[in-house]
Every structure is written in C-alpha cells, then in structure tokens.
Amino acid sequence: MRATLMYGAGDVRVEDVPDAHLIEPGDALVRVTRAAVCGSDLWPYKSMEPSETGRRMGHEFIGIVEEVGKEVGTIRKGDLVVSPFLWSDGTCVFCQRGLHSSCLHGGRYGWGDVDGGQGEAVRVPQADGTLVVLPVEKDDALMPSLLALTDVMGTGHHAALGARVGPGKTVAVVGDGAVGLCGVIASKRLGAARIILLGRQPDRIALAKEFGATDIVTERGDEAVERVRELTDGLGVDSVLECVGLEEAVITALELAIPGGAVGRVGIPEDETLPGGVPFWKNVIVSGGPSPVRAYIEELLADVLAGKIEPGRVFDRVEDLDGVPDGYRAMNERESIKVMIEL
C-alpha cells in the first residue's frame with residue numbers, strides 16, 4: 001500500500017510500504033477514505049533531523065472497516081468509522097474518567113508497528129474503545145465536519161472546557177489556525193457572550209466571524225494584551241484558549257486572563273515550563289494538554305449531524321494522496337488553513 005513518510009525537515013514523500021494488517025485480536029483494519037494534515041505535523045516538518053528510514057505520518061482519518069480481530073465486538077466489517085487522533089481501550093481508569101489521551105493501553109498512530117493515518121489503510125489497535133461508527137455514507141456532504149472530529153474540533157472543545165467557557169463569559173482565543181477557529185465554534189456553542197480572536201490572516205478572520213467571533217485583535221505580545229484590555233474596560237477576559245504553543249502565545253494568554261480567570265492550553269508546547277509569576281499572583285487556573293477527543297466525539301457528532309456546527313469549513317484545500325507533500329508546504333507557508341486528503 002502507499003503511505004506518507006517524513007524523512008526530515010521539509011522532506012515528505014508518498015511511498016510504497018508493507019500492507020496494513022491485523023496483529024492483535026482487538027485490532028481493526030480500516031481502509032482510509034478521508035485523512036488530513038494537522039498543524040502539529042508542521043513541527044517535525046520544520047525541525048525533524050534527517051532519517052534514513054522515515055517516519056510514518058498522519059493521525060486524522062475516516063475509513064471503512066475491512067477486517068476485525070476475533071476479540072472485536074462493536075465494530076463490524078463494512079462500517080464507516082471515524083477515529084480520534086489517539087487510540088485507547090475505553091476501559092482503563094483514565095478512559096473511565098474521560099481522559100482517553102492518558103489511556104494506560106493507548107498510543108499514537110505512526111509509531112512502532114501502528115500505521116499513520118495519511119495512507120491507504122491503518123491497523124487500529126483497541127478498535128472497540130477507539131472507533132466510532134458513522135451513520136452516513138462515505139461521500140456524505142458532512143464528511144469534512146466529521147473529519148474535523150478526529151482532532152481539531154475536539155481539541156478546540158477541550159481548550160474551551162479547560163478555560164471554563166460558559167454562558168455570558170468573555171473569551172479570548174489565541175491563534176487563528178484550525179484549532180483556534182474550532183475553539184471559536186466551541187466557545188459559541190458553550191454560550192460565550194463575547195469572543196475575541198487574536199489573529200492576522202484575512203481569510204481566517206472572516207471565517208472566525210462567521211463562527212461567532214465578535215472582536216478581532218491583530219496585534220501580538222504586549223500590544224495584543226493592551227488592545228484586549230481596551231476592549232474589556234481594562235480588565236481582561238474570563239477565559240483564554242491558547243491554541244498555538246509558542247512561549248509568546250502562552251505568556252499572552254496568561255496576561256489576558258482576569259484574576260480568577262482560566263486558561264485552556266492545547267497548543268503543542270514549545271516549552272513544557274510555564275512562566276511562574278503571572279498565574280500565581282492572579283489566581284489564574286491553567287489546564288489543558290492533549291485532548292481526549294474520544295470522550296467528546298458522540299456529543300459533537302450529534303451537533304454536526306444536526307447542522308448546529310460546521311467545523312469542516314476549516315478545510316480549505318483538498319488533495320489526493322500524491323498531493324500530500326504539497327499540502328504540507330501550503331500549510332507551512334500559511335496558504336492553507338487545513339488540508340483534507342481524499343482517497
């Protein structure tokens with residue numbers, strides 16, 4: 001089969017690899033029909049050291065089940081399924097708490113003997129705990145929004161929950177990428193009265209406004225903080241969604257929060273440590289991390305099917321498998337918000 005590999009910074013190739021196949025009795029074999037390039041894929045695209053063997057890429061996909069292991073009970077051959085970006089058993093102590101991203105028996109696509117999502121097929125471990133059957137056909141018009149449930153919509157929702165977004169609150173979203181835009185959707189969905197997006201790209205700003213952003217701040221750093229305070233009577237905001245991960249973005253998020261406010265961090269961090277003074281003296285709640293997307297899929301799926309949210313609009317470019325390398329380039333150069341791959 002064919003799949004995407006990265007051999008170093010800027011070096012993405014689509015090559016022949018061994019066919020995906022069942023290994024464990026809890027596996028499912030999924031033929032991919034839709035996949036995506038993630039903003040987090042751009043971190044190794046910018047900085048990965050050269051590799052002779054390459055790294056399998058991709059963790060967002062929808063597909064049709066072709067085969068299941070003998071211990072799989074809820075997934076059947078022929079099902080159209082969506083997978084969260086991490087696989088999990090759904091039964092361990094952390095999954096039971098809704099924290100599937102910390103599953104004791106889970107893992108990441110593209111690592112070890114598990115296929116990446118940007119290829120023709122994927123072996124999905126822990127299929128019963130991971131996959132969700134979709135009640136639509138594979139070419140349904142909702143497919144982009146359903147694909148967004150694999151990662152960016154659930155991650156934006158996780159940021160909003162971590163930031164304690166709720167009815168009547170004032171929210172700032174740091175970052176105008178796909179996750180930040182989905183954070184706007186999530187904040188609107190949770191009842192925020194005012195949503196301030198920090199971003200600069202005109203196409204992203206236009207989409208954010210359609211999703212529910214009420215104000216746009218194009219400044220960065222201290223100037224962005226000053227501008228947001230001007231918009232909020234000098235106070236700042238109740239909730240901040242940090243959707244970038246760079247140190248400057250984290251500091252900005254902490255500065256934007258009012259005393260007693262909350263910051264939800266979901267941007268892949270440039271630095272694991274936090275600046276110490278700001279959150280301590282302001283009693284700011286800081287939470288977040290990799291989103292337990294599997295915990296949110298059913299809830300968000302219902303709203304997608306009902307037409308209440310349209311996160312698939314963040315996909316502004318479609319490629320086939322051969323076009324994946326150019327999709328990486330387009331996202332890296334900010335020509336595209338998010339690339340969908342059709343197989």
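Modeller: Start with Ser 187, which is located in helix α6. Keep in mind that this is a predicted model.

Colleague: Is Ser 187 buried or exposed?

Modeller: Ser 187 has a relative accessible area of 0%, and the limit for buried is under 20%, so Ser 187 is buried.

Colleague: Which residues does Ser 187 touch, leaving out those up to four places away in sequence?

Modeller: Ser 187 touches Ala 160, Val 165, Val 171, Ala 192, Ile 195 and Leu 241.

Colleague: What about the helices α5 and α6, at what angle do their axes cross?

Modeller: The axes of α5 (residues 152-162) and α6 cross at roughly 60° and come within 7 Å. That angle makes α5 oblique to α6. The crossing of α5 past α6 is right-handed.

Colleague: Which residues make that contact?

Modeller: On the α5 side they are Val 152, Met 153, Thr 155, Gly 156, His 157 and Ala 160. On the α6 side they are Ala 178, Val 179, Cys 182, Gly 183, Ile 185, Ala 186, Ser 187 and Arg 189. Sorted by class, the contact of α5 with α6 has eight nonpolar, five polar and one charged residues.

Colleague: And α6 with α7, how do those two axes cross?

Modeller: Helix α6 (residues 178-189) and helix α7 (residues 202-211) have axes that come within 9 Å and cross at roughly 15°. Angles under 35 degrees count as roughly parallel, and therefore α6 and α7 are roughly parallel to each other. Here too, α6 passes α7 in a right-handed crossing.

Colleague: Which residues are in contact there?

Modeller: From α6 come Leu 181, Val 184, Ile 185 and Lys 188, and from α7 come Arg 204, Leu 207, Ala 208 and Phe 211. By class, the contact of α6 with α7 has six nonpolar, no polar and two charged residues.

Colleague: Change of topic, sheets. What is the strand order in the open sheet of six strands?

Modeller: The order is β13-β12-β11-β14-β15-β16, and the pairing is parallel. β13 (215-217) and β16 (285-288) are the edge strands; each has a single partner strand, so one side of each has no neighbour in the sheet. On average, neighbouring strands of this sheet are turned by 20° against each other, with direction ignored.

Colleague: How many bridges link β12 and β13?

Modeller: Strand β12 (residues 194-198) pairs with β13 over three bridges, in the parallel sense. Leu 197 is opposite Ile 216 in β13.

Colleague: What about the open sheet of three strands, which order does it have?

Modeller: Its order is β2-β1-β4, with antiparallel pairing. The edges are β2 (11-16) and β4 (55-56), and each has a single partner strand, so one side of each is left without a neighbour in the sheet. Strand β1 (residues 2-8) is joined to β2 by six bridges.

Colleague: How many residues of β3 are buried?

Modeller: Nine of the ten residues of strand β3 (residues 28-37) are buried, so β3 is largely enclosed by the rest of the structure.

Colleague: Which way does β3 run against β5, and how many bridges join them?

Modeller: β3 and strand β5 (residues 61-68) run antiparallel and are joined by seven bridges. Arg 31 has Ile 64 in β5 as its bridge partner.

Colleague: Last topic, backbone angles. What is phi of Arg 164?

Modeller: Phi of Arg 164 is near 60°, a positive value in a residue other than glycine. Arg 164 is in the loop between α5 and β11 (170-174). With 39% relative accessibility, Arg 164 counts as partly exposed.

Colleague: And where is Arg 334?

Modeller: Arg 334 is in the loop between α12 (324-332) and β18. Phi of Arg 334 is near 60°, also a positive value in a residue other than glycine. Its relative accessible area is 37%, so Arg 334 is partly exposed.

Note on methods:
Residues are numbered from 1 along each chain as its sequence is written. This is a predicted model: local features need pLDDT of at least 70, side-chain atom pairs count only at pLDDT 80 or more; totals for chains, interfaces and linings use all residues. Side-chain values use heavy atoms; hydrogens and water are left out. Two strands pair if DSSP finds at least two bridges between them. Helices (H or I, at least four residues) and strands (E, at least two) are DSSP runs, numbered from the N terminus. Axes are lines fitted to C-alpha atoms, for helices over the stretch in contact, and angles run from 0 to 180 degrees between N-to-C directions. Angles under 35 degrees count as roughly parallel, over 145 as roughly antiparallel, 65 to 115 as roughly perpendicular and the rest as oblique. A crossing is left-handed if the near helix is turned anticlockwise from the far one by less than a right angle, and right-handed if clockwise. Contact means heavy atoms within 4.5 Å. Ala, Val, Leu, Ile, Met, Phe, Trp, Tyr, Cys and Pro count as nonpolar, Asp, Glu, Lys and Arg as charged, and the others, Gly among them, as polar. Buried means under 20% relative accessible area, exposed over 50%, partly exposed in between (1.4 Å probe, protein chains only).
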